[in-house]
Amino acid sequence: MAVAGLRISRPITMRYVMFILGLFIGAFGCVLTIKANMGVAPWDTFHIGLQRTFGLTIGIWSQIVGVIVILSSYVVAKIRPNFAMFLNMICFGSFLDWILWMDIVPEPQAFVTRLLMFLLGVIVMAIGIGMYISPRLGAGPRDSFMLAMNERMGWSIQKVRLIIEVTVLIAGAALGGPVSIGTVLIALLTGPMIQRTIPFWEMVMKKQYNLPEPVKRQAS
């Protein structure tokens, strides 16, 4: 009985491991872009703008905004929050603050090094998002809304993400958040990258734990 119970619990355990690992990797990629000092993601521009205006940490603001997005998504689109959504919000903000506090990522001075770190950060973020969405435990507040718009409105992930992040970017810039060429590149590049990383990790999880067939999402 114990062995049988272990076999039943192992898939869900490994799905949560993939979920949390993806959040950590995504947070690490976010820190790489921050340290590269070439512009951050639109949501991070917003969080940093809130930090500069009202105090607290970037991670805490990420969590506060997450709560607001969860409530707004339920009111507007009837997206019901679940445990994984709140876990996403708490873990990502905590990982972000912890990595920044540990100061394990250096701040390069040379332009080429900064550019390479920035591009690496964008790639790592896309990989992390694909990893934590693939176990089908539930996406985070922001990505749940992105996926809901993709499925319900028939818009592509690239289009939905671009609209959302441009709006957030404008609000963040108004609050004093950092805006640079890197911010624009992240807004343009992450959608197409995530469009490819999500199906890849979904297939990995399906082969290992017999998940349902991945949802086919529009590419354009």
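Reader: Why is Y132 called buried?

Author: This is a predicted model, and in it Y132 has a relative accessible area of 5%. Buried means under 20% relative accessible area, so Y132, at 5%, is buried.

Reader: What makes F19 buried or exposed?

Author: The relative accessibility of F19 is 0%, so F19 counts as buried.

Reader: How many aromatic pairs are there when ring centres must lie within 6.5 Å?

Author: The count by this rule is seven aromatic pairs. In one of them, the rings of F19 and Y132 have centres 6.0 Å apart and planes at 85 degrees. Planes over 60 degrees apart count as edge-to-face, so the pair of F19 and Y132 is edge-to-face.

Reader: What makes the pair of F19 and Y132 a tie between parts that are apart in sequence?

Author: F19 belongs to helix 1, residues 2-36, whereas Y132 belongs to helix 5, residues 111-133, so the pair ties together parts that are 113 residues apart in sequence. Ring pairs also link F19 and Y132 with Y16 and F83 into a cluster.

Reader: How do you know whether F24 and W98 are buried, partly exposed or exposed?

Author: The relative accessible area of F24 is 29%, and that of W98 is 40%. Partly exposed runs between the buried limit of 20% and the exposed limit of 50%, so F24 is partly exposed, and W98 is partly exposed as well.

Reader: What makes the charged end of R142 count as sitting over the ring of W43?

Author: The charged end of R142 is 4.9 Å from the centre of the W43 ring, where the distance has to be within 6 Å and the direction within 35 degrees of the ring normal. R142 is therefore taken to sit over the ring of W43.

Reader: How do you know that the length of helix 2 is close to the expected one?

Author: Helix 2, residues 42-54, has 13 residues and reaches 18 Å from its first C-alpha to its last, which is close to the 18 Å expected at 1.5 Å a residue. Among the buried residues of helix 2 are P42, W43, F46, H47 and L50, and just after this helix G55 takes a positive phi of about 90 degrees.

Reader: Which residues touch the most other members of the largest nonpolar core?

Author: That core has 25 residues, and F19, W43, F46, V65, Y132 and I133 touch the most other members. Helix 1, helix 2, helix 3, helix 4, helix 5, helix 6, helix 7 and helix 8 are the elements that give two or more residues to this core. Leaving aside neighbours within four places in sequence, V65 is in contact with W43, F46, H47, L50 and R142. A second, separate core of 20 residues includes M38, L96, M117 and M125.

Reader: What makes S62 buried?

Author: S62 is found in helix 3, and its relative accessible area is 3%, so S62 is buried. Beyond its neighbours within four places in sequence, S62 is in contact with H47, F92 and R142.

Reader: How many helices and strands does the chain have, and how much of it is buried?

Author: The chain has eight helices and zero strands, and buried residues make up 48% of its 220 residues.

Methods:
Residues numbered from 1 in each chain as written. Predicted model: local features only at pLDDT ≥ 70, side-chain atom pairs only at ≥ 80, totals over all residues. Heavy atoms only, no water. Phe/Tyr/Trp six-rings, centres within 6.5 Å; stacked < 30°, edge-to-face > 60°. Helix = DSSP H or I, 4+ residues; strand = E, 2+ residues; numbered from the N terminus. Buried < 20%, exposed > 50% of the residue type's maximum accessible area, 1.4 Å probe, protein only. Expected span 1.5 Å × (residues − 1). Core = buried A, V, L, I, M, F, W, Y, C linked by side-chain atoms within 4.5 Å. Contact = heavy atoms within 4.5 Å.
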